[in-house]
Amino acid sequence: MANFDADTLRELRDVRELRIRTGKHLKTAVVIWIVVADDEVFVRSWLGARGRWYRDLAAGGPATLEFAGRRIEVREMVRSEILSTTLRLEPG
């Protein structure tokens, strides 16, 4: 399992909203919420499973987080046993 570095985790803890751009829809970024808990990064789809970015990421596609002038490639790790529309992110 890959982990985000300490500096990135620190920055992500301070960001409540950022943009996500999936590999399937490169031209459109979507604003999402993010939470860092125990050095793991979680995001949630406002539209639940109907959210386009959520469907793209849950299908195994790549994505990019955009915040504070940075871009970080990520992939998803689905945790359906916790919440059906919450995804734990790992650096890509």
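Student: Is Trp-33 buried, partly exposed or exposed?
Tutor: Partly exposed, because its relative accessibility is 39%. Keep in mind that this is a predicted model.

Student: What about Trp-46, buried or exposed?
Tutor: Trp-46 has 69% relative accessibility, so it counts as exposed. The cut-off for exposed is over 50%.

Student: How many aromatic pairs does a search of the whole structure find?
Tutor: Two. One of them joins Trp-33 and Trp-46. Their ring centres are 5.5 Å apart. The planes meet at 70 degrees, so this pair is edge-to-face.

Student: Why those two values, the distance and the angle?
Tutor: Because a pair of aromatic rings is described by the distance of the centres and the angle of the planes.

Student: Where do Trp-33 and Trp-46 lie?
Tutor: Trp-33 is in strand β2, residues 30–37. Trp-46 is in the loop between β3 (40–44) and α2 (52–58). The pair therefore ties together parts that are 13 residues apart in sequence.

Student: And which residues form an aromatic pair at 6.2 Å centre to centre?
Tutor: Trp-53 and Tyr-54. That pair is edge-to-face, with 85 degrees between the planes.

Student: Are those two buried or exposed?
Tutor: Trp-53 is buried, and Tyr-54 is too.

Student: New topic. Where is Glu-90?
Tutor: In strand β6, which spans residues 86–91.

Student: Why does Glu-90 count as buried?
Tutor: Because its relative accessibility is 3%, and buried means under 20%.

Student: Which side chain does Glu-90 meet in a polar contact?
Tutor: That of Arg-75, at 2.9 Å.

Student: How many residues of β6 are buried?
Tutor: Six of its six, so the strand is mostly covered.

Student: Which way do they point?
Tutor: Thr-86, Arg-88 and Glu-90 point one way from β6. Leu-87, Leu-89 and Pro-91 point the other way. In a regular strand the side chains alternate between the two faces of the sheet.

Student: What joins β3 to β6?
Tutor: Four bridges, and the two strands run antiparallel. Arg-44 stands opposite Thr-86 in β6.

Student: Last one: where is Leu-9?
Tutor: In helix α1, residues 6–14. Leu-9 is buried, with a relative accessible area of 5%.

Student: What is Leu-9 in contact with, leaving aside neighbours within four places in sequence?
Tutor: Phe-4, Val-36, Asp-39 and Val-41. Take Val-36: Leu-9 and Val-36 are 27 residues apart in sequence. In space they are 7.2 Å apart, C-alpha to C-alpha.

Methods
Residues are numbered from 1 along each chain as its sequence is written. This is a predicted model: local features need pLDDT of at least 70, side-chain atom pairs count only at pLDDT 80 or more; totals for chains, interfaces and linings use all residues. Side-chain values use heavy atoms; hydrogens and water are left out. Rings of Phe, Tyr and Trp (its six-membered ring) pair if their centres lie within 6.5 Å; planes under 30 degrees apart count as stacked, over 60 as edge-to-face and the rest as tilted. Buried means under 20% relative accessible area, exposed over 50%, partly exposed in between (1.4 Å probe, protein chains only). A polar contact is a pair of N or O atoms within 3.5 Å; within protein, one must be able to donate a hydrogen and the other to accept it, and residues adjacent in sequence count only if both atoms are side-chain atoms. Contact means heavy atoms within 4.5 Å. Two strands pair if DSSP finds at least two bridges between them.
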